[in-house]
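I opened my notebook to follow a few contacts and strand pairings through this model. Here is what I looked up, entry by entry.

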Amino acid sequence: MVLAAMAAAAALFSFPGGQAVSAAPLLPAAPASSPKPRPGLWTLAMAECRFNLRAELDRWPDCADPVQMGQTALSRPSPGQPGSALKYVYAEGDPGLLQVETGRGGPEAWSYYGFRPLASDADGEVIRARIWPVTCPARGCRLKTAKELLAAARASEAQAFTEASEDPGRTAVWVRRAQ
């Protein structure tokens, strides 16, 4: 799958299907002391994707999508272009959650992704994780509480990492600091 429009967070991560959305943020900002994804360039890669992480973005294969993560915003850069920034909040938990501004507003203003850390650096910043779209049984479901969101994230994690998944999970790997 190739990332298309930056107007929607679903397009940012390129996960189709019954994406969980909400009109208002469901997650508070994480405490400063909680582990967070390390800021910089990340790749969201399919399980079978192999390539040189040091290569320039225009040399990355279609199975690896670049994402620039800051402290509170992320974007999808392309060669020579930084990409449009969207606000996000990372909430630690089991699993962790990313709440991402879609840029659309209205009832689909925020979308959600599970984020399970797999490795951290010496400072405790996450440098490798599983990421998947939080999905619902019905297309276009709108969550109303953080409790509903967490239940949906847990239910969608196992499905996202099966071969038959319509909304496949990916491995997120920190590549390098922002240039």
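Predicted model: local features only at pLDDT ≥ 70, side-chain atom pairs only at ≥ 80, totals over all residues.

Entry one: a salt bridge. I began with Arg-116 and Asp-94, which form a salt bridge with their closest N and O atoms 2.8 Å apart. I count a salt bridge when a side-chain nitrogen of Lys or Arg is within 4 Å of a carboxyl oxygen of Asp or Glu. Arg-116 sits in strand β7 (residues 110-120) and Asp-94 in the loop between β5 and β6, so this contact ties together parts that are 22 residues apart in sequence.

Residues are numbered from 1 along each chain as its sequence is written, and side-chain values use heavy atoms, with hydrogens and water left out.

Entry two: accessibility of that pair. I use buried for under 20% relative accessible area, exposed for over 50%, and partly exposed for in between (1.4 Å probe, protein chains only). Arg-116, at 24%, counts as partly exposed, and Asp-94 is also partly exposed, at 46%.

Glu-157 is buried, with a relative accessible area of 11%. Through shared partners, salt bridges join Asp-94, Arg-116, Arg-130 and Glu-157 into one network.

Entry four: the other salt bridges. The structure holds seven of them. One that I looked up joins the side chains of Arg-104 and Glu-108, at 3.4 Å from N to O. Arg-104 is partly exposed at 40%, and Glu-108 is partly exposed at 25%.

Entry five: strand β5. I asked how many residues of β5 (residues 86-91) are buried. Five of the six are, so the strand is largely enclosed by the rest of the structure. Strands pair here if DSSP finds at least two bridges between them. β5 runs antiparallel to strand β4 (residues 73-75), joined by two bridges, and Ala-73 has Lys-87 as its bridge partner in β5. β5 also pairs with strand β6 (residues 96-101) in the antiparallel sense, over four bridges. There, Tyr-90 has Leu-98 of β6 as its bridge partner. A hairpin of four residues joins β5 to β6.
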